[in-house]
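Here is a short report for a first look at a protein model. It goes from the whole chain down to one residue.

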Amino acid sequence: MTFMKLGALSLAVCMGMGMTATTALASTEVKLGYALAPTSHYGVAADKLKDVVEAETNGEFTFSMYPSSGLGGEREVIEGLQLGTVEATIVSSGTLANFVPETGVFDIPFLFRDLGHARRVLDGPIGQEILTKFTDQGLVALAWGEQGFRHVTNNRNQIAEPKDMAGMKLRTMENPVHIEAFETLGAAPTPMAWPEVISALQQGTIDGQENPLSVITSAKLYEVQKYLTLTGHVYSPAMILVSKIFWDGLSDDQKAAFAKGAKEASTAMRAFVSDVETKGVEQLKAAGMEVGTLTPEARAEFQKALAPAYAHYAETYGQPLIDAIIATQ
Ligand code: PAF
């Protein structure tokens with residue numbers, strides 16, 4: 001029986017004994033799951049959240065960390081939060097649009113100019129309003145975090161123009177905006193949960209994947225991938241989420257401690273990402289990756305090739321919202 005099923009079973013038993021779900025799960029143990037290593041940007045953020053909550057509440061909560069997909073793929077962990085079997089997680093935007101479709105607007109390729117632009121949008125009214133939409137899904141979105149800009153790695157060839165991606169079997173997140181973009185570019189996107197990716201790359205069932213430098217370095221993708229192209233094709237936000245069942249069992253002071261912890265965790269994650277965005281390429285070259293970059297002309301070619309996808313994104317999210325994001329200074 002899996003960990004999550006056990007949790008659901010104990011919830012059912014408690015309810016059978018006449019306790020409410022909130023009472024049963026007003027837990028002081030915080031199981032926090034995330035996909036990457038403890039030394040990654042997620043690990044840094046998880047530790048910061050723990051330290052702040054412990055300090056603010058005089059140790060009322062005990063954190064149990066489950067790094068490296070120890071509780072399963074990101075979708076599975078978010079579902080655990082909805083069930084109340086997991087208290088907290090730090091996730092990419094990979095599957096978020098399947099819970100709150102509005103988050104997908106941030107996954108549009110070449111939308112953000114740089115990290116500063118993305119951070120200002122996420123911290124401003126547009127990003128903050130999207131956070132509020134998670135409560136209807138049994139989730140409390142405490143803060144946006146960050147992974148950086150995503151780049152393509154693969155074992156087939158370097159990418160200088162869109163045709164270099166033709167037919168490339170590229171693992172994508174289970175994210176409809178990304179899938180549509182790569183289909184439009186002529187690649188063969190293969191959505192897959194993260195825990196399966198390394199073995200699929202090793203076995204050659206996919207040619208490549210795309211992720212920010214923070215992930216390429218921390219997951220040691222240089223061990224299984226030869227080419228890195230600095231496509232910077234999309235900004236990758238992250239999110240610090242807690243279970244609404246858990247949240248509803250907290251006092252106002254405890255909620256304030258978690259909110260403060262998440263804010264500081266986000267700041268720590270962004271500082272880590274800023275650092276890896278400067279140093280990561282040299283590390284990956286030293287580890288043997290062949291690194292290329294898109295010229296400004298090639299970037300314009302990619303944007304031109306994406307025109308049909310952009311038209312569809314405008315239908316889905318509304319051109320005024322997209323324009324407001326682009327216009328944010
Ligand atoms: O590619 C993904 O699925 C995500 O970026 C990852 C690596 C799980 C981090 O959230």
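**The whole protein**

This is a predicted model. The protein holds 14 helices and nine strands. Its radius of gyration is 20 Å, which agrees with the value near 20 Å for a compact globule of 329 residues. Of those 329 residues, 53% count as buried.

| Property of the protein | Value |
|---|---|
| Span of the C-alpha trace along the principal axes | about 65 × 45 × 35 Å |
| Radius of gyration | 20 Å |
| Accessible surface | about 13500 Å² |

Carbon and sulfur atoms account for 55% of the accessible surface.

**A β-α-β unit**

Strand S1 covers residues 29–34, and strand S2 covers residues 62–66. The two run parallel, joined by five bridges. Leu32 has Met65 in S2 as its bridge partner. Helix H3, residues 41–56, belongs with S1 and S2 to a β-α-β unit, and that unit is right-handed.

**Arg119**

Arg119 sits in helix H5, which takes in residues 115–123. Is Arg119 buried or exposed? Its relative accessibility is 18%, so Arg119 counts as buried, the cut-off being under 20%. Leaving aside residues up to four places away in sequence, Arg119 touches Glu146, Arg270 and Ser274. Gly145 is 26 residues from Arg119 in sequence, and their C-alpha atoms are 8.9 Å apart.

Key. Residues numbered from 1 in each chain as written. Predicted model: local features only at pLDDT ≥ 70, side-chain atom pairs only at ≥ 80, totals over all residues. Heavy atoms only, no water. Helix = DSSP H or I, 4+ residues; strand = E, 2+ residues; numbered from the N terminus. Buried < 20%, exposed > 50% of the residue type's maximum accessible area, 1.4 Å probe, protein only. Contact = heavy atoms within 4.5 Å. Pairing = 2+ DSSP bridges. Right-handed = clockwise from strand over helix to strand, strands pointing away. Rg over C-alpha atoms; globule rule 2.2 N^0.38 Å. Areas by Shrake-Rupley, 256 points an atom, 1.4 Å probe, with all protein chains shown as cover.
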